[in-house]
Amino acid sequence: MTGGQTVGSAEPRIVVISGPSGTGKTTVVRRLIETAPVAIVKAVTATTRAPRPGEADGRDYHFLSPDDFFRSQTEGRFLETAEVFGTGTWYGTPRSEVERAQRLQAWSLLEIDVRGALKVKRQFEDTVMIFLRAASAEDYERRLRQRATETDEAIRSRLDRMREELRYADRYEFQVINDDVERAVAEIGGILRQREAERNA
Ligand code: 5GP
């Protein structure tokens, strides 16, 4: 084991859910936390972007200044970091979040981008990797445009990002189609229950 030693003696149970903006990822993650058949805690990750209306520090993200973010990075406090939109916006998963879930003997759910996901998988090879897809390409754009907080430029950048993320889909163990939230959530729950049974066997 490599990075496992930095978090605890046993390899933490981690599930990563990635997928382009506009897949309904946030809703699926929320429902999964509410209904999952295994103990699971969503990691609150850190970002240098500004909060959107309605977002709270410490609940939706740890909103950090670039200085604080890079200091934490230098101090080795992140499991992974990524500059997600190539526009100077950084995101990172605090190690402390995974440790928190471990203390609760729960899965850590990381809703992070594809490059960050692969970095986690390299450190913890048992990480369950789930790529969430919208039912169709039109769905992505429609959902993105409904999100009134985004400017046209931000939407364009997210659509570019979507195309990039889709190129990584094959690297994921599971691809789940979000044609129906409850069905997708049940599918992910089933994957976790099975993996937990395998680990306990
Ligand atoms: P948003 O700014 O819309 O909340 O999130 C943008 C993207 O950043 C999403 O794809 C989300 O999964 C990803 N993201 C959020 N937190 C992290 C993190 O800690 N690390 C990485 N690599 N990506 C993250």
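A polar contact is a pair of N or O atoms within 3.5 Å; within protein, one must be able to donate a hydrogen and the other to accept it, and residues adjacent in sequence count only if both atoms are side-chain atoms. The model is predicted, with local features needing pLDDT of at least 70 and side-chain atom pairs pLDDT 80 or more, while totals for chains, interfaces and linings use all residues. Residues are numbered from 1 along each chain as its sequence is written, and side-chain values use heavy atoms, with hydrogens and water left out.

View 1. A polar side-chain atom of Thr 45 lies 2.8 Å from a nitrogen atom of the ligand. For Glu 80, a side-chain N or O atom is 2.7 Å from a ligand nitrogen. Gly 92 places a backbone N or O atom 3.0 Å from a ligand oxygen. On its own the ligand has 520 Å² of accessible area, of which the protein covers 94% (Shrake-Rupley method, 1.4 Å probe).

**View 2. The shell around the ligand.** The ligand is surrounded by 17 residues, the closest being Arg 49, Tyr 61, Glu 80, Tyr 91 and Asp 113 (a heavy atom within 4 Å). Six of the shell residues are nonpolar, four polar and seven charged (Ala, Val, Leu, Ile, Met, Phe, Trp, Tyr, Cys and Pro count as nonpolar, Asp, Glu, Lys and Arg as charged, and the others, Gly among them, as polar). Strand E6 gives the most to this shell, with three residues (strands are DSSP runs of E, at least two residues, and helices runs of H or I, at least four, numbered from the N terminus).

**View 3. The largest pocket.** The ligand sits in the largest pocket (more than half of its atoms lie within 2 Å of the grid points). A pocket is an open set of points on a 1 Å grid over the protein atoms alone, where a 1.4 Å probe fits, with protein on both sides within 12 Å along at least five of seven lines; lining residues have an atom within 4 Å of a point. The space in this pocket is about 1,100 Å³ (filled by probe spheres set on points joined across faces, edges and corners). Its lining has 40 residues, with Thr 26, Arg 52, Tyr 61, Glu 111 and Arg 147 nearest the centre. Helix H2 gives the most to the lining, six residues.

**View 4. The second largest pocket.** This pocket has a volume of about 280 Å³. Among its 14 lining residues, Arg 49, Arg 52, Glu 150, Ala 154 and Arg 158 lie nearest the centre. H7 supplies the largest share, four residues.
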